[in-house]
Amino acid sequence: MEGTSMPRIGDQAPDFEALTTTGPLRFSEYIKDSWAILFSHPADFTPVCTTELSGFAKEKKWFAEHNTKLIGESIDSIHSHVAWVQNVREKTGVFMDFPIIADIDMKVANLYGMLHENASNTSAVRAVFFIDPKGIIRLIMYYPLNVGRNMDEIKRVLEAMQAVDANPGTAMPLNWRKGDKVILSPPKTLKDLDARLGEKNIELVDFYLAKKELA
């Protein structure tokens, strides 16, 4: 689609100003010094989207404890967003009180490459952008219009990235969850190799594959 950009992992998150359900905001100021998850949904008053945004709302305390701010987005008006939030609160008791961007001019959707023309020209796909406290995009997930996201996976990868940042020289293996052993970066010199072979308190599968407990 002409004019649509596709931000990539490692890029600075594009900044913008927008009207949201909590008032006008500048994205860079809203997420300053915290992690952020920016996620789009195809439309208000739709069943899959209702389960997804309700899921984020139910976990808002968990995300706050992990220094992470939430912000939703769709190509709907502010009036539609407010009515939907109230409808969900009345029907389910779940209050989606994080900002939801009213992107009726598609500015944010285009800025973040959320419009995939082979899926829809008028609805954003289910995109999830993980942005670190430096404003860098660290992970991107895309889901089709008819498949909801997995909240456990969203929480898992957020904890994994935060653990990597707190423990340089580590990486997270398949299915890693908080409390599991982490992988140590492989040695890059012969000196590093000898040090690895003599290292204590690690699980040494081979010199290039070693695991350890985090303190």
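Visitor: In which strand is Phe 129 found?

Guide: In this predicted model, Phe 129 is found in strand β6.

Visitor: Why is Phe 129 called buried?

Guide: Phe 129 has a relative accessible area of 0%. The term buried applies under 20%, and therefore Phe 129 counts as buried.

Visitor: With which residues is Phe 129 in contact, leaving aside its neighbours within four places in sequence?

Guide: The partners of Phe 129 are Pro 7, Ala 36, Ile 37, Leu 38, Tyr 112, Met 114, Ile 137, Leu 139, Ile 140 and Tyr 142. A contact requires heavy atoms within 4.5 Å.

Visitor: How far apart are Phe 129 and Phe 207?

Guide: In sequence, 78 residues separate Phe 129 from Phe 207, and in space the C-alpha to C-alpha distance is 35 Å.

Visitor: What makes a set of residues a nonpolar core, and how many residues has the largest one here?

Guide: Such a core consists of buried residues of the nonpolar kinds, joined through side-chain atoms within 4.5 Å. The largest has 27 residues, and those with the most contacts inside it are Ile 37, Phe 56, Phe 63, Phe 98 and Phe 130. At least two residues of this core come from each of β3 (35-40), α2 (47-58), α3 (60-65), α4 (78-92), β6 (126-131), β7 (137-143) and α6 (151-166). Helix α6 gives the largest share, five residues. Another core, of 21 residues, lies apart from it and includes Ile 31, Ala 109, Ile 131 and Ile 137.

Visitor: Which residues does Phe 63 contact, leaving aside its neighbours within four places in sequence?

Guide: Phe 63 is in contact with Ile 37, Phe 56, Thr 68, Leu 70, Met 151, Ile 154, Lys 155 and Leu 158.

Visitor: What makes β10 and β11 a pair of strands?

Guide: Pairing calls for at least two bridges. Strand β10 (residues 203-206) and strand β11 (residues 209-212) have three bridges, in the antiparallel sense, and therefore they meet the criterion for a pair. Leu 204 has Ala 210 of β11 as its bridge partner, and the hairpin that joins β10 to β11 runs through two residues.

Visitor: What can be said of the chain as a whole?

Guide: The chain has seven helices and 11 strands, and of its 215 residues 45% count as buried. Its C-alpha trace spans about 65 × 40 × 30 Å along the principal axes. Among contacts with a separation of 6 or more, 64% are between residues 24 or more positions apart. The chain exposes about 11,400 Å², of which carbon and sulfur atoms supply 53%.

Definitions and conventions:
Residues are numbered from 1 along each chain as its sequence is written. This is a predicted model: local features need pLDDT of at least 70, side-chain atom pairs count only at pLDDT 80 or more; totals for chains, interfaces and linings use all residues. Side-chain values use heavy atoms; hydrogens and water are left out. Buried means under 20% relative accessible area, exposed over 50%, partly exposed in between (1.4 Å probe, protein chains only). Helices (H or I, at least four residues) and strands (E, at least two) are DSSP runs, numbered from the N terminus. Accessible areas come from the Shrake-Rupley method with a 1.4 Å probe; for residues, only the protein chains shown count as cover.
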